[in-house]
Amino acid sequence: LGRTPALCGPVRPLLMQVADDDPIFSLHGPAWRPATGESLHLLAAGHGAIFLLTSHTADAAAPWRLLRYSVPTGETEELELARAAGTPTGLFADPHSGAALIVAHGSGDNVYVYRSRSRVLGKARNVMITSVAWLPPEPARPDTREVLLGSVSGAIYHATIDPTRTSSFKLVLPLAPAAPIIALAVARFIPAG
């Protein structure tokens, strides 16, 4: 008793001094702020954040801008956003990589963004998306995303989306009575045996 094992060495108390004016925590983020007349939709994704800035001023060059902020590098990149009718109503990012996202619009036009390119999801036109569940990407097809889409009409769709096309889009389940799907989650089950 009273002896410390040789491998551990003597036990010493750890003392740390913090000056009264030093903050214990600090927040770091992009140096810019939304301009006057812009509203902000914010979503954490991958190692950063996605910002959708909507302009409410008549002199704006574009009605909205899409920005990706990288926490590790501190860089902000403006992403291409395909033209779609209506006002953006939802922003849904792939939680597995942050490289893919869907911007839903009140008109039923939906824009798929992969890395820095975007396109309108033609097969999902007139579907007012309210929720998205992203399946993990398959290693053999890292650019392809499988998603479940919840809609305001209470329908759930399955889609397989590539950067250049939507290879499948089908109705999986319509709710009766119809009610908006506000959240979805997905998990793969591997059959036993």
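What share of the contacts in the protein with a separation of 6 or more comes from residues 24 or more positions apart? Such residues account for 38% of those contacts, where a contact means heavy atoms within 4.5 Å.

A word on the basis of these values. The model is predicted, so local features need pLDDT of at least 70 and side-chain atom pairs count only at pLDDT 80 or more, while totals for chains, interfaces and linings use all residues. Residues are numbered from 1 along each chain as its sequence is written, and side-chain values use heavy atoms, with hydrogens and water left out.

Let us begin with the overall composition. The protein has zero helices and 12 strands; here helices (H or I, at least four residues) and strands (E, at least two) are DSSP runs, numbered from the N terminus. Of its 193 residues, 36% count as buried, that is, under 20% relative accessible area with a 1.4 Å probe and protein chains only.

Four strands form an open sheet in the order E9-E10-E11-E12, with antiparallel pairing; two strands pair if DSSP finds at least two bridges between them. Strand E9 (129–134) and strand E12 (166–174) stand at the edges with a single partner strand each, so one side of each has no neighbour in the sheet. Within this sheet, strand E10 (residues 145–151) and strand E11 (residues 155–161) pair over six bridges. Glu 146 stands opposite Thr 160 in E11.

Glu 146 also belongs to the lining of the largest cavity, as do Leu 135 and Arg 188, among others. A cavity is a set of points on a 1 Å grid over the protein atoms alone where a 1.4 Å probe fits but cannot get out, and lining residues have an atom within 4 Å of a point. The volume of the largest cavity is about 50 Å³, a volume being the space filled by probe spheres set on the points, which are joined across faces, edges and corners.

Finally, the largest pocket has a volume of about 160 Å³; a pocket is an open set with protein on both sides within 12 Å along at least five of seven lines. Which element gives the most to its lining? Strand E8 does, with three residues. The lining of this pocket includes Tyr 112, Arg 117 and Pro 163.

Conventions
Buried means under 20% relative accessible area, exposed over 50%, partly exposed in between (1.4 Å probe, protein chains only).
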